[in-house]
Amino acid sequence: MAGAVLAGALREALAAAVVAAGLALPLLGFRLVDSSQGLSLGTRLDWVAWAALAVGLGRFLLTLSRRLRPASPRHRPSAGAVPAQADRLRPWAGWALAGLAVTLPFLPFADRNLVDKATLVLIYVMLGWGLNIVVGLAGLLDLGFVAFYAVGAYSYALLSTGLGWSFWICLPLAGLFAAGFGVALGFPVLRLRGDYLAIVTLGFGEIVRVVLQNWQDLTGGPNGISAIPRPTLFGLRFAANAPEGHRTFADFFGLPFSGEHRVIFLYFVILGLALLTNLFTLRIRRLPVGRAWEALREDEIACRSLGLNPTNIKLSAFALGAMFAGFAGSFFATRQGFISPESFTFIESAVILAIVVLGGMGSQIGVVLAALLLVGLPEWFRDLQQYRMLAFGGAMVLIMLWKPSGLLSDRSPTIRLGDRR
Amino acid sequence: MTAAPLLEVEHVTMRFGGLIAVNDLSFQAGRNSITAVIGPNGAGKTTLFNCITGFYRPQVGRMALHHPSGPVLLERLDDHRIAARGRVARTFQNIRLFTRMSVLENLIVAQHRTLMAASGFSLAGLLGLPVYRRAEARAVDKARFWLDKTGLAAFADDEAGSLPYGSQRRLEIARAMCTDPLLLCLDEPAAGLNPRESAELNRLLLDIRDEQRIGLLLIEHDMSVVMGISDRVVVLDHGAKIAEGTPDEVRRDPAVIRAYLGEPEDEEARPC
Ligand SMILES: Nc1ncnc2c1ncn2[C@@H]1O[C@H](COP(=O)(O)OP(=O)(O)OP(=O)(O)O)[C@@H](O)[C@H]1O
Ligand SMILES: [Mg+2]
């Protein structure tokens, strides 16, 4: 029995090692040697061997652990079984995370760098929460979400540089524009599902980027828009000295000027926006619209048979998801002070989608964890330099093995008969 | 049958390319009664339901549902409007629940339109206004009523997909009833049920007929259900009506017996 298991595991390990060797040969096996005679091709077959060995060993251990513990439930726990425990943990974890987020800038170890990176993570948390409405709740696979982020960013950039409107006026407008684009995308794709929807949304994302890139007169083309005004706190500026008729934040509160003020202020702005997104989503999940989104994800035909109009449901999901991306976009523009089409490539859409999927499709806290993992970790591990992406890829593989349906994939009902919300 | 019919189907024909799935079919279904639609596999029963509930649009024919306020022509409405405006609800041959939502949520989603209006298209709901909370409480009450009726109250907070098969069938009926229909169309509700569950189902359907006083249209292969509870039976074969009457009349009808047992000269041509 044990012998058979061992032999089986060895066989699988061998197969995996062969595949790994085949893949590693072109990727790792050769390198360019820069010698006095010019470039030549060198080999490093030892690397290939190491890679194959590592993969083979990993596969061996994995197979062994699985075979010896065949009862371990690898699928989603069905309702009734586990959620009770998760339910109790969930609100607690949410409040703990929120508390940590609010106090973060004042913690002893928080320096400017950390707060700045936390701001970046929060942008992605917010984008993830926005996309969660579309993908996680309504089940509409959207690969062009970055388009709405771009619309929000350019709306703010153009309105503020062109008309001189303040961030706080432009923010809702940017959200509205993005929502408008969400509806504009929603109409043509109403009949599409799954793969087809993904392809069209992907195309939509690219169209928006290409338009931004080529509409020189309006968007500045590849040069983008620079000198985007920073947000103010009720008219107080975060700068060393204010122009005539304005005051600075440091001056008003009698503090010595410090660049950190602005970083912390921006952090709180995005934290506020993100929490607003979260509250909104948590709330709307319990409303008819939110339940209709989830019902649509589960079965569109059943929805129709119950008198739910799929058009309205899909459009509202696209519009609201896009609105939050628009908010995040205008925040991004004001934080960077400069935007160009390069910030809105497909890879951004992919990262946001990865955050939602990794988080466990529909789970709000899952999105936070996934954003920390996907955006935060690579930032913190910049020291690893070229191995950063390798570590990142390895982490992804491990997570997919350990949690194939996302970090937090169980959902708790939005309403209960036994009044224990 | 009682005086004015609830549903009038007149000359409905549904073709898929060359195949005529429903062929010039006319019949009536009464208010406060159970009309069974039976027929061999592929006779066009589900297709007929899909026409009545708007999932297919028949090429020919008229389908009128007589509301107290006047007739509603079903063939002119989109599928989701039929449930809303026409007040026709249905279940599916292969159960279609919102499997990852809870049992209660399934019943609340069915009341979407009422709740949506009460939530002021989400505004009142977002603000948590009492108008909406009262409407939600009423929706839960209605859900609880149907949970009790279908014996699912104990599982209200469980995932719908985790229920046993028979319970899922009953939940689908409860969900359809939560839309307040005038006509309930059931596509093989007894399929896959054991005899005890099947008897329970009979009682549930009779209850619905007698207490809600609505019309039921029932596709069924299980003859104990059909003969036990239906007031009228319509028999289809190859898309056409071959018999209609009370269960007893239909049972004795030679055309029906032929359709089910096969005509001797037809046997090689059409193996069942
Ligand atoms: N969408 C469709 N496209 C093409 N043909 C169809 C379609 N739907 C049904 N049909 C055909 O119409 C005929 C009637 O099918 P239908 O599903 O209505 O039968 P049924 O009476 O419900 O049978 P069963 O008892 O097996 O459920 C069959 O020949 C079927 O193949
Ligand atoms: Mg059928």
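What we have before us is a predicted model, in which local features need pLDDT of at least 70 and side-chain atom pairs count only at pLDDT 80 or more, while totals for chains, interfaces and linings use all residues. Residues are numbered from 1 along each chain as its sequence is written, chains are lettered from A and ligands numbered from 1 in the order in which they are written, and side-chain values use heavy atoms, with hydrogens and water left out.

Let me begin with ligand 1. An N or O atom in the side chain of B:His221 lies 2.9 Å from an oxygen atom of the ligand. For the side chain of B:Gln93, the corresponding distance to a ligand oxygen is 2.8 Å. B:Lys45 takes part through a polar backbone atom, 2.8 Å from an oxygen of ligand 1. Taken alone, the ligand exposes 630 Å², and the protein buries 64% of that; these accessible areas come from the Shrake-Rupley method with a 1.4 Å probe, and for residues only the protein chains shown count as cover.

Which residues come nearest? Of the 14 around ligand 1, they are B:Asn41, B:Lys45, B:Thr46, B:Thr47 and B:Gln93, where near means a heavy atom within 4 Å. Strand S2 (19–30) and helix H1 (45–52) of chain B each supply at least two residues of this shell, and H1(B) has the largest share, with 3. Helices (H or I, at least four residues) and strands (E, at least two) are DSSP runs, numbered from the N terminus.

I turn now to the interface. In contact (heavy atoms within 4.5 Å) are 42 residues of chain B and 35 residues of chain A. The area buried between the two chains is about 3500 Å², with carbon and sulfur atoms giving 63%; buried area is the accessible area (1.4 Å probe) that two parts lose on being put together, summed over both. B:Arg100, B:Leu126 and B:Asp157 supply 19% of what chain B buries against chain A, more than any other three residues.

How many salt bridges cross this interface? The rule, a side-chain nitrogen of Lys or Arg within 4 Å of a carboxyl oxygen of Asp or Glu, finds 4. One salt bridge joins B:Arg96 to A:Asp299, with the closest N and O atoms 2.9 Å apart. On the side of chain B that touches chain A, H6(B) gives the most, with 5 residues.

Finally, the count over all chains comes to 24 salt bridges. A:Arg209 and A:Glu206 form a salt bridge at 2.8 Å between the closest N and O atoms. These two residues are separated by about one helical turn, because they are 3 residues apart in helix H7 (residues 194–214) of chain A.

Terms used: A polar contact is a pair of N or O atoms within 3.5 Å; within protein, one must be able to donate a hydrogen and the other to accept it, and residues adjacent in sequence count only if both atoms are side-chain atoms.
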